[in-house]
Amino acid sequence: MSTACCYRIVAAIAVVCALSACDISVDGDGSTKVNGSVHVPAGKAADDARTVNGSIHVDDNAAVTSAATVNGSVRLGAHATASSAKTVNGAISLGDGAHVSGDAGSVNGDLTLNDGSEVSGALTNVNGKISLATAHVGGGIKTVSGNISVMGASHVEGGILVQKPGSVIFNSDDPVIVIGPGAVVQGELKFERKVKLYVSDKATIGTVTGATPVTFSGDNPPN
């Protein structure tokens, strides 16, 4: 079984198992559901925000202890906080200044960190774009088939890992990795599959394994 399939199955089981231990609310008033989206307003006492089929939206300046879904996106508004943010099929986005104190990850979905946002743990997916704009990641970035863009004064600790895909490849294109001007990636940049790696002459990176960086000047890499 492929790495991607294993990741997807394990993640889905983990989320569903976590939900099964909760007191499930289906009346739309709770922050834990089976079907339907979850909306967390500012000023509400921090609690888990969980669903199976639906998105999670945490308002600006609101707080949750964790945000998890299986089929749906997770969005943290500006300066919102969570201990973790996870989905299986869906995107995760952090607004300006939002903070996840643990890990954030999706199996199939884009990961977007806007200005001043932070994931203190790992930022991971299998398929989907990973975009940082003057953001901070403390536990490294990991993907299988996702393009990665680290722009602005972004700071990534723990390096970058692009894993070798299993027998099933959802995206056969070579991932494109861009480290823009002013960005810092501490730790090893390790590539277990062929990638296109572009590094600004004004970026700072660690050791590169498995790829040859193409240095570029200006704001964007060559087409």
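This is a predicted model: local features need pLDDT of at least 70, side-chain atom pairs count only at pLDDT 80 or more; totals for chains, interfaces and linings use all residues.
Close-up 1. Leaving aside residues up to four places away in sequence, alanine 133 touches Leu113, Asn114, Asp115, Gly116, Met151 and Ser154. One of these contacts, glycine 116, sits 17 residues from alanine 133 along the chain, and the two C-alpha atoms are 7.9 Å apart.

**Close-up 2. The open sheet of 10 strands that contains S14.** Follow the strands across and you will read the order S1-S3-S5-S8-S11-S14-S17-S20-S23-S26, with parallel pairing. Strand S1 (38-40) and strand S26 (214-216) are the edges; each has a single partner strand, so one side of each has no neighbour in the sheet. On average, and with direction ignored, neighbouring strands here are turned by 10° against each other. For a look at one pairing, take strand S8 (residues 92-94) and strand S11 (residues 111-113), which are parallel and share three bridges. Here isoleucine 92 faces leucine 111 of S11.

**Close-up 3. The open sheet of nine strands.** This sheet also has parallel pairing, and its order is S2-S4-S7-S10-S13-S16-S19-S22-S25. Strand S2 (48-50) and strand S25 (208-209) form its edges, each pairing on one side only. Further in, strand S13 (residues 123-124) and strand S16 (residues 141-143) lie parallel and are joined by two bridges. Threonine 124 is placed opposite lysine 142 of S16.

Close-up 4. Strand S7 (residues 85-89) pairs with strand S4 (residues 66-68) in the parallel sense, through two bridges. S7 also runs parallel to strand S10 (residues 104-108), and four bridges connect them.

**Close-up 5. The salt bridge between arginine 50 and aspartate 48.** Side chains of opposite charge can pair when their charged atoms come close. The model has three salt bridges, and in this one the side chains of arginine 50 and aspartate 48 meet at 3.3 Å, N to O. How exposed or buried are arginine 50 and aspartate 48? Arginine 50 has a relative accessible area of 13% and is therefore buried. Aspartate 48, at 22%, is partly exposed.

**Close-up 6. The salt bridge between aspartate 174 and lysine 194.** The side chains of these two residues meet with an N to O distance of 3.9 Å. Aspartate 174 is in the loop between strand S19 (160-162) and strand S20 (176-179), and lysine 194 is in the loop between strand S22 (189-191) and strand S23 (196-200), so the pair ties together parts that are 20 residues apart in sequence. Aspartate 174 is partly exposed, with 25% relative accessibility, whereas lysine 194 is exposed, with a relative accessible area of 62%.

**Close-up 7. The salt bridge between aspartate 201 and lysine 202.** The closest N and O atoms of this pair are 3.9 Å apart. Aspartate 201 is partly exposed, with a relative accessible area of 40%. Lysine 202 has a value of 58% and is exposed.

Close-up 8. Where is serine 145 found? Look in the loop between S16 and strand S17 (148-151). At 5% relative accessibility, serine 145 is buried. Its side chain is joined to that of arginine 193 by a polar contact of 3.3 Å.

**Close-up 9. The nonpolar cores.** In soluble globular proteins, nonpolar side chains tend to be buried together. The largest nonpolar core of this model has 43 residues, and those touching the most other members are Leu76, Leu123, Leu132, Ile141, Ile160, Ile179 and Phe191. Centre the view on isoleucine 160 and, beyond residues up to four places away in sequence, you will find contacts with Ile141, Ile148, Ile179, Val185, Glu188, Leu189, Lys190 and Phe191.

Conventions. Residues are numbered from 1 along each chain as its sequence is written. Side-chain values use heavy atoms; hydrogens and water are left out. Contact means heavy atoms within 4.5 Å. Two strands pair if DSSP finds at least two bridges between them. A salt bridge is a side-chain nitrogen of Lys or Arg within 4 Å of a carboxyl oxygen of Asp or Glu. Buried means under 20% relative accessible area, exposed over 50%, partly exposed in between (1.4 Å probe, protein chains only). A polar contact is a pair of N or O atoms within 3.5 Å; within protein, one must be able to donate a hydrogen and the other to accept it, and residues adjacent in sequence count only if both atoms are side-chain atoms. A nonpolar core is a set of buried Ala, Val, Leu, Ile, Met, Phe, Trp, Tyr and Cys residues joined through side-chain atoms within 4.5 Å. Axes are lines fitted to C-alpha atoms, for helices over the stretch in contact, and angles run from 0 to 180 degrees between N-to-C directions.
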